[in-house]
Amino acid sequence: MTAVRVPEELWDTRVVPQGVVSSWYYDEGARVEAGAVLAVIMVEKSEYDIEAPAAGRLHIIADANTTVVPGAVIGDIANSQ
Amino acid sequence: MIAGAGGAHPVEPGLPPRRLREQAGDWCLFDDQRLDGVQENVARDARLGHAVACGELPAVCRLWHNHQGLIVGRHDARLPAFQHAARTLAARGWPVALRETGGAAVPQGPGVLHLSLIMPRSRVEGCSTDAVYHLLGEPLQILLAGVGIVAGFGAVPGAFCDGRFNLQVAGRKIAGTAQAWRAGVCQRQGRRDGYVLAHAALAVAQDVPVAAAAVTDFYALAGRAQVCDPRAHTSVRDELLRAGVVEYGPDGLINLLRSRMMATVRACFSPVTEL
C-alpha cells in the first residue's frame, strides 16, 4: 500500500492552517498508473496536482471539499503485482 | 512616495526569490504584444507550460495583456447557474474563461498588465507556494516603487479574488496573484515533468467600478450573493492621481509600465534570453 500524500512543505501553516481537496480525477477503486494526476489541492489561490506515487487500485481517504494540511494522506494505492 | 503599509503583514518567503530563480534554471523573456481574448491567453500559458515541461523552452517570463473578459475559478464553474451567468456576461461584453490557476472571478482588460512565470515543476518541487509568490511579487514591487508606489502583500476584505498574496497599497488591492502546479504534462522518451505557472495581474489603468460590478453581477447571476467593493481596489493610475501626478493618460501609462516591466524583469531574471 502506497500513501497519496500532500507535500510536507507546500505552504506555511502558521498563517494558513488548511488547504482543501478541490477534486479527484478518479473514482474510488479505479486502477491508476504511476504518475497519473489523481487530484487537485487548492490552497491560497494555488492549485496543486497530486500524482499517483505508484500503480494500483486507488482508495480515497479525503473526499473532495475535505480540508487538509501539508503531509496529510488523502488516499492510498494498493500496489499492482 | 505613496506608502502602502496599511493591511500589509510580514510574510517570510522561505526560499528567497534569487535562489528560486536560479533553481528554476535558465529564463527567457516573452514580451507578448498580441491582443487576444481571455480564453486565448489562458490557453497560451498552458501551451508555454507544456513546452517548458517538455524542455522545449527554459523557464518563461511572459508579459501580456488582453481584451476585456472575466476569468473564473474551478469552484465558480460549479455554481448552480454558472452557464447562465457566463452567457449573460458574454452578451454584455465580458466573455468568461475558466482559469488554470486557483482563485475566484477576476475582471481583465486592456488596462491590466499581466506577468506569467512558467517554470519546470521538477525544478520547483519541494519549494512552497509562498516562495513562488515572493518570486512573482518582487518585480512588481520594484516596478511600482519606480513610480513612487509602495505595495506590500496583504489580503483586502471586499476585493474580488482576495488572498494573502495580493499586492495592496494602503489597504487597496492593486495586483492579484495565483498559481497552478501542473503534473504529468510531458511524458515522453523517459522524461516526465509538469510546470508551475505563477500569474500576476496588475491594475494599471483599469476602470475599477466597472470591473468590480462585472464580478458582482457574475456571482449574482450564477447563484451566489457576493458583492465586490470597488473601494477595495485601486490602480496605478488611481494612485498617481491621488499623489497629484496627472501627466499620464491611460494608454501612455500602460506603455510606460510595460517598458519598465520589461527592464525590471531583465534585471531581476538576468541573464535572460528573449523570445
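## The largest cavity

β9(B) supplies the biggest share of the lining of the largest cavity, six residues. A cavity here is a set of points, on a 1 Å grid over the protein atoms alone, where a 1.4 Å probe fits but cannot get out, and lining residues have an atom within 4 Å of a point. Strands are DSSP runs of E with at least two residues, helices are runs of H or I with at least four, and both are numbered from the N terminus. The space inside comes to about 190 Å³, where a volume is the space filled by probe spheres set on grid points that are joined across faces, edges and corners.

In total, 23 residues line this cavity, and Val106(B), Phe160(B), Lys173(B), Gly176(B) and Ala201(B) are the ones nearest its centre. The elements giving two or more residues to that lining are β5 (106-108), β6 (112-120), β9 (172-188) and β10 (191-203) of chain B. By residue type, the lining splits into 12 nonpolar, eight polar and three charged.

## Ground rules

This is a predicted model, in which local features need pLDDT of at least 70 and side-chain atom pairs count only at pLDDT 80 or more, while totals for chains, interfaces and linings use all residues. Residues are numbered from 1 along each chain as its sequence is written, chains are lettered from A and ligands numbered from 1 in the order in which they are written, and side-chain values use heavy atoms, with hydrogens and water left out.

## The second cavity

The count comes to two cavities of 30 Å³ or more.

α2(B) gives the most here, four residues. Along with α2 (38-53), both β2 (59-66) and β10 of chain B each put in at least two residues.

## Strand β2 of chain B

β2(B) is well wrapped: eight of its eight residues are buried, meaning under 20% relative accessible area with a 1.4 Å probe and protein chains only. Both faces are covered, with Ala59(B), Cys61(B), Leu63(B) and His65(B) on one side and Val60(B), Arg62(B), Trp64(B) and Asn66(B) on the other.

Seven bridges join β2(B) to β1 (residues 27-36) of chain B, and the two run parallel; strands pair if DSSP finds at least two bridges between them. Across from Leu63(B) in β2(B) stands Asp31(B).

## The largest pocket

A pocket is an open set of points with protein on both sides within 12 Å along at least five of seven lines. The largest one has a volume of about 170 Å³. Its lining includes Arg18(B), Trp27(B), Cys268(B) and Pro271(B). Two or more residues each come from α1 (17-23) and β11 (272-274) of chain B, and α1(B) gives the most, with three. The lining divides into five nonpolar, three polar and four charged residues.

## Thr234 of chain B

Thr234(B) lies in the loop between α6 (208-222) and α7 (236-242) of chain B. Thr234(B) counts as buried because its relative accessibility is 1%. Its side chain makes a polar contact with the side chain of Glu239(B) at 2.6 Å; such a contact is a pair of N or O atoms within 3.5 Å, where, within protein, one must be able to donate a hydrogen and the other to accept it, and residues adjacent in sequence count only if both atoms are side-chain atoms.

Not counting residues up to four places away in sequence, Thr234(B) touches Arg172(B), Lys173(B), Ile174(B), Ala203(B), Val208(B), Glu239(B) and Arg242(B), contact meaning heavy atoms within 4.5 Å.

Note on methods
Ala, Val, Leu, Ile, Met, Phe, Trp, Tyr, Cys and Pro count as nonpolar, Asp, Glu, Lys and Arg as charged, and the others, Gly among them, as polar. Buried means under 20% relative accessible area, exposed over 50%, partly exposed in between (1.4 Å probe, protein chains only).
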